[in-house]
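Me: I have a structure to go through with you. Let us take it by question and answer.

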Amino acid sequence: MPTPAAAPGAVPAERAAARARGLTKAYGTGETTVLALDAVDVDIARGRFTAVMGPSGSGKSTLMHCLAGLDTVSAGRVWLGGTEITGLRDRELTRLRRDRVGFMFQSFNLVPTLDALENITLPLDIAGRRPDRDWLDRVIDALGLRDRLKHRPAQLSGGQQQRVACARALASRPELIFADEPTGNLDSRAGLEVLGFLRDAVDRLGQTVVMVTHDPGAAAHSDLVLFLADGRIVDGMEHPTAESVLERMKRFDAIRGAYEGDGSAGAAAAAGDTARAAALPAERDPATSADGTGGATEEV
Ligand SMILES: Nc1ncnc2c1ncn2[C@@H]1O[C@H](COP(=O)(O)OP(=O)(O)O)[C@@H](O)[C@H]1O
Ligand SMILES: [Mg+2]
């Protein structure tokens with residue numbers, strides 16, 4: 001087995017909510033093969049908030065999907081809790097995912113014809129499970145959704161919609177929540193709210209959260225940042241601040257610019273244009289590029 005100690009954030013297997021060894025994911029065949037993940041070893045520690053950062057196309061979403069059992073792997077092994085999911089049959093995998101994992105996406109993925117409460121309990125309803133009323137009440141109150149439960153998504157603001165999506169992810173009290181750029185479509189204030197709730201879910205409710213983001217300010221809410229580049233985890237940072245993450249990203253961009261001819265981001269970093277350097281590798285994010293949330297979020 002590869003040496004777990006070398007991996008940033010490595011923990012003993014029994015403390016991992018999810019982990020992977022030699023996780024490799026290739027798309028396509030022959031000359032068109034894209035190696036999205038290249039023999040990744042990763043541990044997601046239970047009860048922690050882990051952020052995943054990296055340029056667009058570096059494999060962040062693929063990593064999240066493979067860890068969550070939403071996508072198959074080309075090689076390597078993945079565990080959710082103590083259960084190895086690589087090799088599980090579809091039915092078992094579906095059940096495991098349903099019981100242990102919650103998801104949040106950049107586009108909130110709410111059902112427009114259902115009201116907020118119906119959206120929140122939808123995964124439980126599909127699974128034929130009764131919600132734990134006390135838990136659900138706690139989640140709804142923690143997210144400030146009590147007086148919005150009868151509203152449909154179109155009657156809610158973006159931030160409220162993402163809070164509903166957050167409540168939906170939490171409703172089954174999953175061991176692990178995966179959030180792929182959950183603040184990407186939110187203005188900075190609504191983004192901060194959602195980040196605060198994810199932080200609370202870890203601190204007060206004991207959840208484990210993995211969040212993909214390209215906003216240093218959002219990453220600063222996490223306990224550990226894993227940096228991905230070209231399908232590999234190239235670094236980890238404990239107790240991140242927006243400044244330290246931004247500094248780290250600038251160094252990546254400078255290296256990429258110098259050695260890979262990725263001129264735009266490297267040049268921006270070299271010129272000290274931090275906001276542009278931070279925003280460039282990823283999809284445009286109004287929260288980051290418009291008002292420099294990176295600095296603001298760090299104070300909360
Ligand atoms: N379904 C797919 N088919 C082919 N290539 C894909 C697919 N999904 C992702 N990729 C490729 O895999 C690489 C990693 O993608 P992704 O994980 O989405 O990156 P990120 O989330 O960091 O932007 C990219 O080169 C992307 O083009
Ligand atoms: Mg992605």
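Me: Which residues surround ligand 1?

Reply: This is a predicted model. Tyr 27, Gly 28, Val 34 and Ala 36 are part of the shell around ligand 1.

Me: Which element gives the largest share of the shell around ligand 1?

Reply: Two elements give two or more residues to this shell, S2 and H1. The largest share is three residues, and these come from H1.

Me: By class, how many residues of the shell around ligand 1 are polar?

Reply: The shell has three nonpolar residues and one charged residue. The polar count is eight.

Me: In what order do the four strands form the open sheet?

Reply: The pairing is antiparallel. Strand S2 (34-45) and strand S5 (83-84) are the edge strands, each pairing on one side only. The order is S2-S1-S4-S5.

Me: About what angle does the direction of helix H1 make with that of S2?

Reply: Helix H1 (residues 60-67) packs on the sheet. There H1 touches strand S1 (16-27), S2 and S4. Its direction and that of S2 make an angle of about 60°.

Me: Which residue in S5 is the bridge partner of Trp 79?

Reply: Strand S4 (residues 75-80) pairs with S5 in the antiparallel sense, over two bridges. In S5, the partner of Trp 79 is Glu 84.

Me: Is Val 73 buried or exposed?

Reply: Val 73 sits in the loop between H1 and S4. Leaving aside neighbours within four places in sequence, its contacts are Leu 23, Thr 24, Lys 25, Cys 66, Val 78 and Thr 86. A residue counts as buried if 20 or more other C-beta atoms lie within 10 Å of its own. Val 73 has 23 other C-beta atoms within 10 Å, so Val 73 is buried.

Me: What distance separates the C-alpha atoms of Val 73 and Ala 26?

Reply: Along the chain, Val 73 and Ala 26 are 47 residues apart. Their C-alpha atoms are separated by 8.0 Å.

Me: Why do the buried residues of H4 line one face of the helix?

Reply: In helix H4 (residues 133-142), the buried residues are Leu 136, Val 139 and Ile 140. They line one face because, seen down the axis of H4, they fall within an arc of 95°.

Me: Which helix do the buried residues of H4 pack against?

Reply: The face turned away from the buried side of H4 carries exposed Asp 134, Asp 137 and Asp 141. The buried residues of H4 pack against helix H5 (158-171).

Technical notes:
Residues numbered from 1 in each chain as written. Chains lettered and ligands numbered in written order. Predicted model: local features only at pLDDT ≥ 70, side-chain atom pairs only at ≥ 80, totals over all residues. Pairing = 2+ DSSP bridges. Contact = placed C-beta atoms within 7 Å. Axes fitted to C-alpha atoms, helices over the stretch in contact; angles between N-to-C directions. Near = placed C-beta within 6 Å. Nonpolar A, V, L, I, M, F, W, Y, C, P; charged D, E, K, R; others polar. Buried ≥ 20, exposed ≤ 12 C-beta atoms within 10 Å, placed from the backbone. Arc of directions from axis to C-beta.
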